[in-house]
Amino acid sequence: MPQTILVVDDERDIVDLVRHHLLQAGYRVVTASDGRQALEAARREPPDLVVLDLMLPFLPGAEVARLLKQDEKTRDVPVIMLTARGEEVDRIVGFELGADDYVVKPFSPRELVLRVQAILRRDGREDSEERIQFDPLVIDLTAHVVRVEGKEIKLTITEFNLLHRLARRPGRVFSRDRLLSEVWGYGGEVETRTVDTHMKRLRAKLGNLGEWIQTVRGVGYRFWPEGHAPSD
């Protein structure tokens, strides 16, 4: 059965364009034209991913995202924010609400499809381990859960994949471009600040353990848990 994408936008031409390209890519598409419809559709049948416009009638996209992440049925559904506003503050707000990616209008529908595919692509197919542990941090790959001192840390799919990518190679330095390629599935034309914004949110959620994610000036990031020497 094809994966289901919920597309939420009040501009009919954009919905039709995105729907057309997603259908061509093999996805099942459900649409909504306002925030209330979006919540009803997502709660009635949780989709595999939501493409969500920030500016919506009745209920803003930011509020829709917040409510989706609070609901047990939809909190793990990845969200791509779609908006005409491209300022950094709007990107940060979107990520703080749990968005996994951010696309600014006007956009290439083919690029949007690539971003959808990148988020839905299962990570870690090359890995055989089921758990990565550096006390008190545990990354449970089977359950797709991160715990610190036994307490579950709520991460988006992108944040989880980012932490996993770093932690499975402790001490190794990853460039921003490499992380864009391996975690997001694209690079080059995409702003590397996307990585920085997600890293900031990930560190904040990890609390004191956020210090284990180190910035390597002019290069990128590495995961260096306390008491573990870097491998390069």
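These questions and answers look at the nonpolar cores and aromatic pairs of a predicted model.

Q: Why is the pair W212 and F223 called edge-to-face?
A: The planes of W212 and F223 stand at 75 degrees.

Q: What makes W212 and F223 an aromatic pair?
A: Their rings lie 6.1 Å apart, centre to centre. Rings pair if their centres lie within 6.5 Å, so these two count. The structure holds two aromatic pairs.

Q: Which parts of the chain does the pair of W212 and F223 link?
A: It links distant parts, 11 residues apart. W212 sits in the loop between α8 and β11 (213-216), and F223 in strand β12.

Q: Are W212 and F223 buried or exposed?
A: Both W212 and F223 are buried. That means under 20% relative accessible area.

Q: Which residues touch the most other members of the largest nonpolar core?
A: They are L137, I139, L163, L179, M199, I213 and F223, in a core of 28 residues. Among the elements that give two or more residues are β7 (137-140), α7 (176-184) and β12 (220-223). α6 gives the most, with five residues.

Q: Where does another core lie?
A: It lies apart from the largest one and has 22 residues, including L6, A41, V64 and L68.

Q: What does F223 touch, leaving out residues up to four places away in sequence?
A: Its contacts include F134, L137, L163, W212 and I213. Contact means heavy atoms within 4.5 Å.

Conventions:
Residues are numbered from 1 along each chain as its sequence is written. This is a predicted model: local features need pLDDT of at least 70, side-chain atom pairs count only at pLDDT 80 or more; totals for chains, interfaces and linings use all residues. Side-chain values use heavy atoms; hydrogens and water are left out. A nonpolar core is a set of buried Ala, Val, Leu, Ile, Met, Phe, Trp, Tyr and Cys residues joined through side-chain atoms within 4.5 Å. Buried means under 20% relative accessible area, exposed over 50%, partly exposed in between (1.4 Å probe, protein chains only). Helices (H or I, at least four residues) and strands (E, at least two) are DSSP runs, numbered from the N terminus. Rings of Phe, Tyr and Trp (its six-membered ring) pair if their centres lie within 6.5 Å; planes under 30 degrees apart count as stacked, over 60 as edge-to-face and the rest as tilted.
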